Amino acid sequence: MTLQNFISEAISPWMLEDGPDKDIVMSSRIRLARNFANVSYPILADQENLEEIRSFIKNEYANQSFQSYENLEFVSIKDLTAVEKRVLVEKHLISPHLAKYAQQSAALISQNEQVSVMINEEDHLRIQLYFPGLQLKKALEHSFNFDDWLEQKVNYAFDETKGYLTSCPTNVGTGMRASVMMHLPALAMTNQINRMIPAISQLGLVVRGIYGEGSEALGNIFQISNQITLGKSEVDIIEDLESVVKQLIDHERTARNHIMERSGTKLEDRVFRSYGILQYSRIIDSKESARCISDVRLGIDLGIIENTSGNILNELMVLTQPGFLQHYANRTLKADERDVLRATIIRERLKLEK
């Protein structure tokens, strides 16, 4: 797998695999923040320190493999175009922060895109590992194993009392952020999600949009993650998050069944209208496409639309983003040009399903 593969393929290989409750939980992610001992953290480090970290990771881990995470590709952020960086952000392989502060930044990305290690982001290392569906415990186990493999050559900044030391105090302790990406259209349609978000926040969790902090919940996709990293073990954090996620799954299923029983015809009409918009529009903006894609995915999950893959939401959500559109066009596009190309790509993609 090369950089061009990462950028050209909208859907990551691991996303094509099955996972528990995948109709609602799109992915489970574990992110570990780690720093080298006795080296200034990125927010204070000079260019020489950052280059030392970058070069060390490149020399020790580029093109290496660990278990099923093969051929770790070293990607130098400063060598990427603005569009290439944006595509990697849209695929969640790097963060917006890493893309912005790029001079001595890099990433290691596995061939199946299931693991990515961001280098010199807010911390020296940000290890991300994804699984399809609700598989937090499995993701945690695999992230621990990968972390141990890295630690064989890296002396982490660690305190026996405080735990892992990080740039941001909110990450001190486990250094872990566990999150799930959920498609919750029925809870959004019934306005229940707006009542649930404050209650979820009181449990030490946070609800964000598809691209994390400060982002919008486009296409009824919500990211649920832990806020607390100090004073709790990784296992406890996972159990608390999974408990809330399972309740959300139950509420979403109940809301879907309720809508089908009470307003089945109206729901079918909404789904097929959205499907028609996607099939025939010549101009469509990002918000309308996200809404219609969400409706179609719900229709697929409820059996209203047949012979169409449920992976279409994952794929089209990336295909229709500004970075990918401009990569596809091989040039910078104005907003109205993106809207035309977005409609064209959606129509072409839907034809492949027939």
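Modeller: Glu 60 and Lys 153 pair through their side chains in a salt bridge, with an N to O distance of 3.0 Å; the term stands for a side-chain nitrogen of Lys or Arg within 4 Å of a carboxyl oxygen of Asp or Glu. Glu 60 belongs to helix H2 (residues 47-61) and Lys 153 to the loop between helix H5 (136-151) and strand S6 (158-159), so the pair ties together parts 93 residues apart in sequence. Helices (H or I, at least four residues) and strands (E, at least two) are DSSP runs, numbered from the N terminus. Glu 60 is partly exposed at 29% relative accessibility, and Lys 153 is partly exposed at 46%. Here buried means under 20% relative accessible area, exposed over 50%, and partly exposed in between (1.4 Å probe, protein chains only).

The model is predicted: local features need pLDDT of at least 70, side-chain atom pairs count only at pLDDT 80 or more, and totals for chains, interfaces and linings use all residues. Residues are numbered from 1 along each chain as its sequence is written, and side-chain values use heavy atoms, with hydrogens and water left out.

Arg 126 and Glu 121 form a salt bridge whose closest N and O atoms are 3.0 Å apart. Arg 126 is buried at 4% relative accessibility, and Glu 121 is buried at 7%.

Within helix H8 (residues 234-280), Glu 242 and Lys 246 lie four residues apart, about one turn of the helix, and their side chains meet in a salt bridge (3.6 Å, N to O). Glu 242 is buried at 11% relative accessibility, whereas Lys 246 is partly exposed at 43%. Salt bridges with shared partners also link Asp 21, Asp 23, Glu 252, Arg 253, Arg 256, Arg 297 and Asp 301 into one network. The count comes to 24 salt bridges.
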